[in-house]
There are 2 protein chains.
Amino acid sequence: MRHEQLSELGQQLRVDSVRAAAAAGSGHPTSSMSAADLMAVLMGNHLRYDFEKPDHPGNDHLVFSKGHASPLLYSVYKAAGAISDEELLTFRTLGSRLEGHPTPRLPWVDVATGSLGQGLPYGVGMALAAQRLDHVAGRVWVLIGDSEMAEGSEWEAFEQAGFDRLENLTAVIDVNRLGQRGPTRHAWDLDAYARRIRAFDWHTIEIDGHDIAAIDRAYGEALSTIGRPTAIIARTLKGRGVASVENREGMHGKPLKDPEEAIAELGGIRNLAVPVLGPPTVTPTRPTSEGPLSLPRFNPGDTVPTRDAFGEAVAAVGTSRGDVVALDGEVGDSTRLEYFQKEHPERYFEFYIAEQQLVAAAVGMQTRGWTPYVATFAAFFTRAHDFIRMAAISRADLNLIGSHAGVAIGEDGPSQMGLEDLAALRAVHGSTVLYPCDANQTAQLTAAMAREPGICYLRTTRGGTPVLYPPTEEFPIGGSKVLRATEDDRVTLVAAGVTVPEALAAADRLAEESIPARVIDLYSVKPVDAGALRTAAEATGRLITVEDHHPEGGLGDAVVDAFTDGRPVPRLVRLAVRTMPVSATPAEQLREAGIDADAIVAAARELVGGPA
Amino acid sequence: MRHEQLSELGQQLRVDSVRAAAAAGSGHPTSSMSAADLMAVLMGNHLRYDFEKPDHPGNDHLVFSKGHASPLLYSVYKAAGAISDEELLTFRTLGSRLEGHPTPRLPWVDVATGSLGQGLPYGVGMALAAQRLDHVAGRVWVLIGDSEMAEGSEWEAFEQAGFDRLENLTAVIDVNRLGQRGPTRHAWDLDAYARRIRAFDWHTIEIDGHDIAAIDRAYGEALSTIGRPTAIIARTLKGRGVASVENREGMHGKPLKDPEEAIAELGGIRNLAVPVLGPPTVTPTRPTSEGPLSLPRFNPGDTVPTRDAFGEAVAAVGTSRGDVVALDGEVGDSTRLEYFQKEHPERYFEFYIAEQQLVAAAVGMQTRGWTPYVATFAAFFTRAHDFIRMAAISRADLNLIGSHAGVAIGEDGPSQMGLEDLAALRAVHGSTVLYPCDANQTAQLTAAMAREPGICYLRTTRGGTPVLYPPTEEFPIGGSKVLRATEDDRVTLVAAGVTVPEALAAADRLAEESIPARVIDLYSVKPVDAGALRTAAEATGRLITVEDHHPEGGLGDAVVDAFTDGRPVPRLVRLAVRTMPVSATPAEQLREAGIDADAIVAAARELVGGPA
């Protein structure tokens with residue numbers, strides 16, 4: 001498009017942003033207006049996208065990291081003919097797809113944004129997938145606000161993209177000088193941003209973000225820069241074009257006071273339709289067929305760490321399914337994800353110790369149809385908690401594997417122990433949480449994750465545990481296994497992972513004391529096997545849960561879920577890690593925490609001895 | 001000390017690191033050996049510290065961000081005469097203070113480390129407190145591993161320290177080239193680190209980390225650099241001094257195979273005692289006396305957002321207590337923390353949108369005796385989850401305030417809604433979790449937090465809620481309020497925060513239907529008021545919990561805690577946010593989520609109508 005038209009388009013995007021926020025009575029028009037020219041030139045002359053085929057593998061990706069500028073994004077969609085003016089004005093109302101911050105309820109939105117500092121890490125994942133997996137030329141454009149440049153996750157992404165020479169990634173930084181509260185740290189010091197980003201091996205271009213010709217040239221320069229990603233750092237005015245709000249403090253995140261006057265000042269309503277360039281014809285290389293799956297088989301009675309079984313299983317899943325990719329946070333030797341690397345090095349990605357980028361890359365890759373397995377220590381997924389939370393809003397399909405769970409790791413001490421992971425992952429919307437106790441179970445669940453939608457979390461153990469099940473046993477998600485049961489059981493022991501062998505040992509000893517105990521292996525912590533728990537509760541009247549996790553939000557709470565529909569609830573005792581662990585051997589740790597067989601026996605004696 | 005002595009001291013630190021790991025049978029001797037010369041010169045010639053008075057306000061701080069190099073730290077303590085050789089060899093055993101990663105069980109350790117990338121952000125907090133609050137010249141030295149430079153939190157800290165010109169902060173980067181799995185991203189490219197760090201406005205010095213004279217000069221240069229922090233980037237050899245492990249892959253995190261031979265190769269056991277320089281005499285300016293507290297008073301019947309009440313209350317607490325500081329993540333206008341800024345600008349710190357640095361700075365400040373209040377959106381504390389988890393291991397006293405909790409925020413949509421915060425914060429060891437429903441309650445709890453040890457979390461609401469309590473009402477932590485009760489109650493409604501008014505409205509309607517309902521305001525989610533819940537359960541037999549949070553790990557699970565000692569459990573129904581929210585008005589949100597008065601009434605009818 002010609003520059004005069006693009007200038008008009010910029011004004012249209014401003015007018016529509018003002019109108020959408022005015023209709024909603026809330027939203028961020030001023031943050032939209034600063035970036036309107038940047039987006040007008042992008043969509044008019046550079047973006048390659050088929051709005052009728054959002055899954056086209058040759059499409060570019062456009063990520064609004066500054067998700068609060070959603071009025072601008074929706075105005076872009078209107079100008080592209082993707083949504084009607086009528087729909088634009090449904091912004092932020094119940095039933096509308098046009099939410100306050102973009103979500104994939106709109107088919108052109110790949111990832112939900114709104115928690116700042118996330119767009120670029122997602123973009124890195126998309127760009128990596130396009131370049132290294134799909135081998136297509138599609139480009140990733142990420143619109144970033146200046147305030148969010150303070151987030152460390154941005155710098156994890158700058159580092160990763162610079163190191164990986166992602167020339168197909170362009171960051172567009174809208175430096176409008178004003179954050180939510182007032183001036184940003186660097187205000188209009190474009191060089192402050194540019195020299196930091198250049199230090200991370202990016203190409204940088206500083207421009208006036210309202211100079212159409214300069215913007216157009218900058219995009220052209222980004223497209224022709226090879227061997228490194230490009231950051232366009234644009235000086236802009238927040239609220240550009242409307243004197244009452246332009247470059248003024250206190251104008252963040254609210255509709256304009258007099259939208260009619262503002263629209264007039266911006267030259268009135270326009271209805272330019274932009275013919276966005278289509279994507280090139282590409283042939284995606286992602287295999288979609290599934291080959292035979294040959295999972296590892298472990299011999300009952302052997303002692304095998306579940307992390308080892310995971311590693312062997314994920315390598316086998318990768319052999320069966322060419323769409324599976326593995327992402328490591330520089331602990332692949334510990335999590336055993338490196339077993340995948342040995343078999344499928346071309347689908348293995350190293351993110352070093354940068355867990356936010358690690359999880360975000362997986363979210364980005366799955367938008368292009370890949371199936372990611374992401375592994376680090378269970379404790380260190382806390383580093384990426386916000387990304388996991390947002391991934392649920394992105395409707396992402398992710399497989400997360402947290403190793404070194406619980407006090408059972410032993411001497412390394414509490415900093416390395418995942419003791420809050422079940423609580424955090426259970427509370428993620430629509431998540432699946434699995435905690436296997438033996439190697440064959442781990443292998444089966446590792447394979448099952450690939451077919452499960454949403455955020456799936458598998459918790460593995462550092463040390464060896466006895467193989468309890470034959471390799472042929474099946475473990476449906478949402479199921480459980482009754483490992484001990486008689487007609488006369490007086491208590492049910494509910495365990496998972498490393499506490500299953502402890503519960504079995506306890507049951508053996510309790511049987512000698514004429515306290516027959518049922519034992520349930522609750523490997524599916526969410527969804528929980530309500531049926532089995534209710535049956536056991538009716539039969540035994542008493543439940544003891546035992547878990548290598550803090551008492552809040554883990555296995556004990558999951559068990560209660562089966563009884564929160566108003567039915568009678570069994571008597572409950574909960575054994576969990578209530579102390580602050582120190583360094584000790586694994587066996588000492590279980591004893592000190594009160595989650596070993598001795599503790600279970602003592603609790604069962606007391607519970608059964610109490611009033612019925 | 002002379003350089004020959006320092007060289008000997010470096011060898012002693014290596015030998016002792018090897019011995020400690022050998023005695024433990026685990027640990028990280030090779031990661032200790034690379035930094036031994038760096039630490040020898042620091043303790044011999046530059047560190048100012050009184051090991052007999054670890055709380056001396058003039059002391060320097062030494063933070064081992066690479067916490068796995070704990071054998072080196074403990075060897076330093078031995079050389080300083082702080083621990084005996086006998087204690088050194090208790091490393092990683094049950095009962096020893098010398099844990100696998102350092103914790104403040106040792107009086108000279110300010111913060112627990114072991115989750116990488118955290119030391120520098122803590123150091124920023126300590127350096128800010130020394131410079132801006134205590135006005136003392138003490139210095140902060142942070143030993144950082146090269147692998148952890150990938151963490152975004154490091155760059156949040158580099159940005160903050162450079163911007164704040166923290167000349168009293170020195171980062172010592174031990175570039176030993178080898179991470180856990182193999183070579184780091186930048187291997188021995190010292191300039192890759194230096195140019196990034198310089199771009200963030202630090203002074204940088206590149207040295208050979210085994211050249212004693214160069215190290216000594218670098219520390220001197222750091223001490224004499226004014227107006228900016230200094231990073232010493234040192235090229236080192238992992239496992240330095242023992243040929244079988246030096247600069248070899250696969251030697252991470254395990255004791256040496258032949259420690260005796262290694263010790264001989266290092267020149268044998270030494271017992272140098274280092275006279276560490278004492279701190280200067282300083283007069284701390286931190287006020288320790290408490291003045292009268294004049295909390296805001298709100299009129300019952302008025303409608304006031306609890307976030308507003310928090311803002312007014314924290315400002316009042318700051319007036320009463322001169323040791324209170326406030327830390328903002330560029331949302332002080334939303335959280336209302338800026339009310340504190342207006343009264344006490346000298347004790348208000350802006351961290352922009354960098355939640356990891358935000359929380360870490362508070363941890364750092366409390367090591368110097370300050371009492372921090374940290375506020376951001378409840379949702380965005382997920383960004384700092386690992387820092388909060390580690391803060392508990394640091395035995396830190398922190399007050400965290402999460403605003404904009406739950407679907408009740410309305411149109412902004414799910415990215416801005418704290419719906420996992422109660423689960424995450426309850427699962428933190430020793431935490432306190434508070435969720436007030438009205439303004440006077442909020443004010444009282446805001447003041448109470450300052451006196452509560454450990455991690456305290458207060459959840460506030462964006463929109464107005466009715467003032468239910470008089471300003472004189474007291475709200476002990478661990479308590480609750482029974483807002484409706486009769487002898488004939490057939491069900492108990494347990495609510496907190498924004499669901500309390502809904503529960504009251506529901507009770508009013510249920511009373512008309514001859515279903516008298518008890519209402520409990522469970523403002524203390526952890527610890528929970530087990531007594532009141534048990535009394536209500538015995539009286540009514542049925543509990544309905546209703547919360548603006550996902551069903552996992554929140555209020556509903558907290559209530560169950562009162563019944564996990566084997567006693568009879570009442571029938572339970574749990575109302576919570578089970579859907580993925582979209583944009584809608586606050587009232588629509590509560591209705592859509594099924595946590596409004598209508599939903600409570602329907603649940604109560606069904607529960608009471610069911611079998612007794």
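1. Let me start with the second largest pocket of this predicted model, which holds about 850 Å³ of space. Its lining counts 47 residues, and those closest to the centre are A:S334, B:H28, B:Q180, B:H252 and B:G253. In chain A, α12 (332-335) and β9 (371-377) are the elements that give two or more residues to this lining.

2. The make-up of that lining is worth a look too: 21 residues are polar, 17 are charged and nine are nonpolar.

3. Helix α15 (residues 385-393) of chain A carries both residues, three residues apart, or about one turn of the helix. Both A:D386 and A:R389 are buried.

4. A second pair to check is A:D561 with B:R574, whose side chains meet in a salt bridge (2.8 Å, N to O). Since A:D561 sits in the loop between α20 (555-560) and β19 (571-575) of chain A, and B:R574 in strand β19 (residues 571-575) of chain B, the pair joins two chains. A:D561 is partly exposed, at 29% relative accessible area, whereas B:R574 is buried, at 4% relative accessibility.

5. Within chain B, do look at B:D421 and B:R459, a salt bridge with its closest N and O atoms 2.8 Å apart.

6. Finally, a network of salt bridges links A:E159, A:D201, B:D191, B:R195, B:R196 and B:R198.

Notes: Residues numbered from 1 in each chain as written. Chains lettered and ligands numbered in written order. Predicted model: local features only at pLDDT ≥ 70, side-chain atom pairs only at ≥ 80, totals over all residues. Heavy atoms only, no water. 1 Å grid on protein atoms, 1.4 Å probe; cavity = no way out; pocket = protein on both sides within 12 Å on 5 of 7 lines; lining within 4 Å. Points joined across faces, edges and corners; volume = space filled by probe spheres on them. Helix = DSSP H or I, 4+ residues; strand = E, 2+ residues; numbered from the N terminus. Nonpolar A, V, L, I, M, F, W, Y, C, P; charged D, E, K, R; others polar. Buried < 20%, exposed > 50% of the residue type's maximum accessible area, 1.4 Å probe, protein only. Salt bridge = Lys/Arg side-chain N within 4 Å of Asp/Glu carboxyl O.
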